[in-house]
There are 2 protein chains.
Amino acid sequence: MIKPTEFELIARLCKDLPVNPALLVGPGDDCAVLDVGIPGELLLLKTDAVVEGVHFTAQAMPEQIGHKALARPLSDIAAMAGTPTAALVTLGLPREFDPGVLDRVYAGMNALARRHQVAIAGGETTTSPGGMLLSISLIGKAPKNKVALRSGARAGHALFVTGELGGSLAGKHLDFEPRLEEARWLARHFEVGAMIDLSDGLAGDLRHVLNASKAGAELLLTSLPVSRAAKLAARNRVGAKTPVAAALTDGEDFELLFTVPSSQAVPLLDAWKKEFSKLRLTCIGRITTGPGIVLRDKSGVRTLNEHGYVHFK
Amino acid sequence: MIKPTEFELIARLCKDLPVNPALLVGPGDDCAVLDVGIPGELLLLKTDAVVEGVHFTAQAMPEQIGHKALARPLSDIAAMAGTPTAALVTLGLPREFDPGVLDRVYAGMNALARRHQVAIAGGETTTSPGGMLLSISLIGKAPKNKVALRSGARAGHALFVTGELGGSLAGKHLDFEPRLEEARWLARHFEVGAMIDLSDGLAGDLRHVLNASKAGAELLLTSLPVSRAAKLAARNRVGAKTPVAAALTDGEDFELLFTVPSSQAVPLLDAWKKEFSKLRLTCIGRITTGPGIVLRDKSGVRTLNEHGYVHFK
């Protein structure tokens, strides 16, 4: 039997799914978007699972596992400029487990939920034939005219990213803070075109935005905010990616990538510095008519290949 | 390490969960209930997983697996007298699988979704270390004053059940139809006290209602609507439960158990016959001040033991 890739499989399963008038945005954005009759607001819906051995190892601290399981879908609510309301937790447990470990998993999850006023509204436990599995469903809300989709990037927009990129697996992927407050502030004060949270890596997630927006992009490689972790890895590990390659292709950054009209780029940078002095915001390029992603550095320009990966010397 | 039971574990994890003003009903009912600002309506939230080897075997038809995965949480929306809106699907897949089988799983799920105007709004795929896993998150809505909770049973209420009980594992558990239309009709036309869908078996689920309502019940054993499957099993299988024991304790009936004030019992039965001529509705007893469940038959009364099981000669 020929095994399809994950993207092929999702495309196959998403063909001809049942719809109804309430569903405004279905599969293919950070969250589903529904009009359930809330005056002036839309409902956001997201589900996300972390699996032992895939998203965390048995060496991760239990508090970090609970934190990450909730932080991931919260980051998707942030990517729509939404406010999370409540979560349901599906807990898949192996036949043997330590209840004390579970208490700590929940402590990590609950602390993050409280910080963002998210209710844990229930869920269920089930048997997991392998390791631990935590699947979280989230609902949230966003003002009707402020929902940030992947499809809103337009040629001429400036392209921004929060924080620093690359090297997340050295630790950040287990304790990152979803950019909820920042995203809402952006949508309130600026015309956000497209927005996405970085989970597959900058190159891959930018491609999702460009496909949805039918546009291209030019990235300024010298402007990429490379994380200290990515620089350390490049220096200390034989065969590691260069820092720039790590910033482009490492997954699980969970920062926001978004566009605004170019006229708002400078006012945004000024206002951001006042509002969020501890979090970097960087203009990393611009949206073009495309197609594709062009990389610009001191030596000139070249095209990023289709698979989201590029080899640097 | 001492392994807690599922109920002990859930009680432990549900202690001190984060709440917020939107959350009206958290863990412990068929769905979570939230006030998200829809005029006159509340939001219902449910998640439910089916796992290969637990909720279905590799012998089940793929269409039935998809049907059951969605029908189970739809039955919980029905138990609140709600209307489902949209679902997210988390698909856990073993490393080797047949995409053609998945198409059939989705065909079964999508057909049921279309019948009830439920949008499949997205979801995700993930690796499952064991067999296939399908976890479905559902949102729905219910009128503010019509949400049917488990806690609404009062001494003197008449106790009703739809359909027939017992023997579901012979087939019904894979192709049952959630009682959505019937539940909404009930809430619209009668004063439903408590309602629950039967998943753990009549005795166990009735106990959930009684615990939530701080009440007791008297069951008329001779009135229980025993299914043909339960009668056949009792006749043909050595060591099988008696038909009445099967009706009391077999799981996965997915019928509605509910109470109404006793003055409405006869009008309800009359109106039901006109509205739903093909589906049985049976008065099986009444709510008492309790505590506990008393069983009445021709030979007198006795108390059902705490574990929901009872041995009949």
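The model is predicted: local features need pLDDT of at least 70, side-chain atom pairs count only at pLDDT 80 or more, and totals for chains, interfaces and linings use all residues. Residues are numbered from 1 along each chain as its sequence is written, chains are lettered from A and ligands numbered from 1 in the order in which they are written, and side-chain values use heavy atoms, leaving out hydrogens and water.

**Aromatic pairs**

Over all chains, the structure holds twelve aromatic pairs. Rings of Phe, Tyr and Trp (its six-membered ring) pair if their centres lie within 6.5 Å; planes under 30 degrees apart count as stacked, over 60 as edge-to-face and the rest as tilted.

| Pair | Centre to centre | Angle between planes | Class |
|---|---|---|---|
| B:Trp185 and B:Trp272 | 5.8 Å | 75° | edge-to-face |
| B:Trp185 and B:Phe276 | 5.3 Å | 85° | edge-to-face |

B:Trp185 lies in helix H5 (residues 180–189) of chain B and B:Trp272 in helix H9 (residues 265–275), so their pair ties together parts that are 87 residues apart in sequence. B:Phe276 is in the loop between H9 and strand S11 (281–288) of chain B, so its pair with B:Trp185 joins parts 91 residues apart in sequence. Helices (H or I, at least four residues) and strands (E, at least two) are DSSP runs, numbered from the N terminus.

B:Trp185 counts as buried at 6% relative accessibility, and B:Trp272 counts as buried at 2%. B:Phe276 is buried as well. Buried means under 20% relative accessible area, exposed over 50%, and partly exposed in between (1.4 Å probe, protein chains only). In chain A, ring pairs link A:Trp185, A:Phe190, A:Trp272 and A:Phe276 into a cluster.

**A:Arg179**

A:Arg179 is found in the loop between helix H4 (172–175) and helix H5 (180–189) of chain A. At 14% relative accessibility, A:Arg179 counts as buried. Leaving aside neighbours within four places in sequence, its contacts include A:Ala78, A:Thr162 and A:Glu255.

Technical notes. Contact = heavy atoms within 4.5 Å.
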